[in-house]
Amino acid sequence: DSGKLWGGRFTESMDPLMVSYNESIYFDRAFYQQDIEGSIAYARANVGTGILSQEEFLTIEKGLKQIIEEWNTNKFVIKSGIDEDIHTANERRLGEIIGKDIAGKLHTGRSRNDQVATDLRLWLRDELVLVQTLLIGFLKAVTERAESDIDYIMPGYTHLQRAQPVRWSQWLLQYGHYFGTDLQRLREVTRRVNKSPLGCGALAGNVFGIDREKMAQELGFDGLIHNSMAAVGDRDFILETLMWSAMLMEHLSRWSEDLIIYGTAEFGFVKLADAYSTGSSLMPQKKNSDSLELLRGKAGRIFGQMTGLFISIKGLPSTYNKDLQESTEPMLECIKTVKDSLTIATRVLTTLTVHPKKMLAAVTPDMLATDLAEYLVRKDVPFREAHHTAGRVVALSENTSTPMDKLSAAQLSEVDHRFEKDASKAFDPERSVELKSATGGTSKSAIREQIIVLREKMSEA
Ligand code: ARG
């Protein structure tokens, strides 16, 4: 026997490189608690099947609780080369504590296949709740800033060209929309993660009539995976988490990109707090937006983890194959990155300095050319014609090197006699944003409505 948990049929020992190539204990130890809680629930259910007596269960439970304590206090000693993964490590230790006669009964009808799926789902479910809290914290920062900064007006861009004035709050709340939708998706993903595979054995189910529903309830699962082969072979819940994370990071990346641009000297709309910037080792004047650049850069890594796992899984035959072990590390890394990223983004936003004067100064009169066309529309001119006429005013401004709002009433009425004295009011940015009062627009009332809608999303269960 090779000294392994599964060593009965083996005569030769493993290649040492194969041992380390195969082992997952150095990362799946992250689930020590979930592994033990799963084992306690499994042992309790096996009192019901008659596999364990109540006394044996209590002995197992006591031993398992001691093992949690050892992990918690950093006293658990991993036996290198023997403790292949967290499941074998905990079972090996249980045997040492309570003796192999009783400990050896725990795994009856169970496989590491349903065990690892259980551990992963329990761990991920709890982490996704933390992610949800962080995401709501970020959205809270977005809505608070949108409220407090509602007076600030900035250029809105399309094609990164100056387009029309908007409120800074409108810029903030567009991301409120993206991240609010991420929050809704996250709640759905979490519900699907939180289903129990426990009690499905290696692939075919349990012969001792174990009460899966009762175990699921004890572990806080919201229902079961209803097919034993799917229970052990499914890693869609991790893929879905990675897809969700990829989209979240895509949004954080675009958000970061905007702020990086707005923070350049050329724009000067925002200034990053020192705490989230770094300097240059060569150029003394430099202050770089490293936090935002890392948010943008880490998005790429998450896309890679998602793609990588898809490729690892797509050609697998049914049920458990060791390839599935490759889903653990991307999941652990992804969750850490997402949590850190949301925390950094929240802190960047709450400490960000905004320069409303610079923003407003960048709203040039030509950005109100549409408003000038709309002036004519209000006089019953068809929009196509009004657009053309306002375009001629733009051309006149360019040809005479006169800002549009400095053209005289006479010059305007020469372009079109329907421009009267009051035409110049079109060049007021405040008026321009306030006119967009239909739902979703950039007037104060429309923005307050958006904040209410977003807050409702945040407080949904
Ligand atoms: N360490 C394994 C994993 O993470 C546990 C399951 C192993 N099962 C097996 N039959 N080899 O996927």
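Predicted model: local features only at pLDDT ≥ 70, side-chain atom pairs only at ≥ 80, totals over all residues.
Residues are numbered from 1 along each chain as its sequence is written.

**Exercise 1. The ligand shell**

Task: Which residues surround the ligand, and from which domains does the shell draw at least three residues each?

Solution. 
- Step 1. List the shell, where a residue is near a molecule or strand if its C-beta atom, placed from the backbone, lies within 6 Å of it. The residues around the ligand are S24, D28, D85, R112, N113, V116, Y320, K322, L324, Q325 and T328.
- Step 2. Sort by class. Ala, Val, Leu, Ile, Met, Phe, Trp, Tyr, Cys and Pro count as nonpolar, Asp, Glu, Lys and Arg as charged, and the others, Gly among them, as polar. The shell then has four charged, four polar and three nonpolar residues.
- Step 3. Assign to helices, which are DSSP runs (H or I, at least four residues) numbered from the N terminus. Helix α7 (residues 112-148) gives the largest share of the shell, three residues.
- Step 4. Assign to domains, whose bounds come from an automatic or database domain assignment. Domain 1 (7-103) and domain 2 (112-361) each supply at least three residues of the shell.

**Exercise 2. Domain 1 against domain 2**

Task: How many residues of domain 1 are in contact with domain 2, and which helix supplies the largest share of that side of domain 1?

Solution. 
- Step 1. Divide the chain. It has domain 1 (7-103), domain 2 (112-361) and domain 3 (365-427).
- Step 2. Count contacts (C-beta atoms, placed from the backbone, within 7 Å). Domain 1 puts 18 residues in contact with 20 residues of domain 2.
- Step 3. Locate the domain 1 side. α2 (25-28) and α3 (32-48) each provide at least two of its residues. The largest share, 10 residues, is from α3.
- Step 4. Sort that side by class. It has seven nonpolar, seven polar and four charged residues.

**Exercise 3. α7 on α13**

Task: At what angle do α7 and helix α13 (residues 328-351) pack?

Solution. 
- Step 1. The angle is about 15 degrees, and the axes are 9 Å apart.
- Step 2. Classify. Angles under 35 degrees count as roughly parallel, over 145 as roughly antiparallel, 65 to 115 as roughly perpendicular and the rest as oblique. So α7 is roughly parallel to α13.
- Step 3. Sort the contact residues. They divide into 15 nonpolar, five polar and three charged. Among those in α7 are L120, L124 and F138, and those in α13 include M331, I335 and L342.

**Exercise 4. Two partners of α8**

Task: Is helix α8 (residues 168-193) roughly parallel or antiparallel to helix α11 (residues 236-262), and which is it to helix α19 (residues 444-459)?

Solution. 
- Step 1. Take α11. α8 packs on α11 at about 170 degrees, with axes 10 Å apart. The two are therefore roughly antiparallel.
- Step 2. Sort this contact. It has 11 nonpolar, two polar and four charged residues.
- Step 3. Take α19. Here the angle with α8 is about 20 degrees, and the axes are 10 Å apart. So α8 is roughly parallel to α19.
- Step 4. Sort this contact too. The residues of α8 with α19 divide into five nonpolar, six polar and one charged.

How values were computed
Contact = placed C-beta atoms within 7 Å. Axes fitted to C-alpha atoms, helices over the stretch in contact; angles between N-to-C directions.
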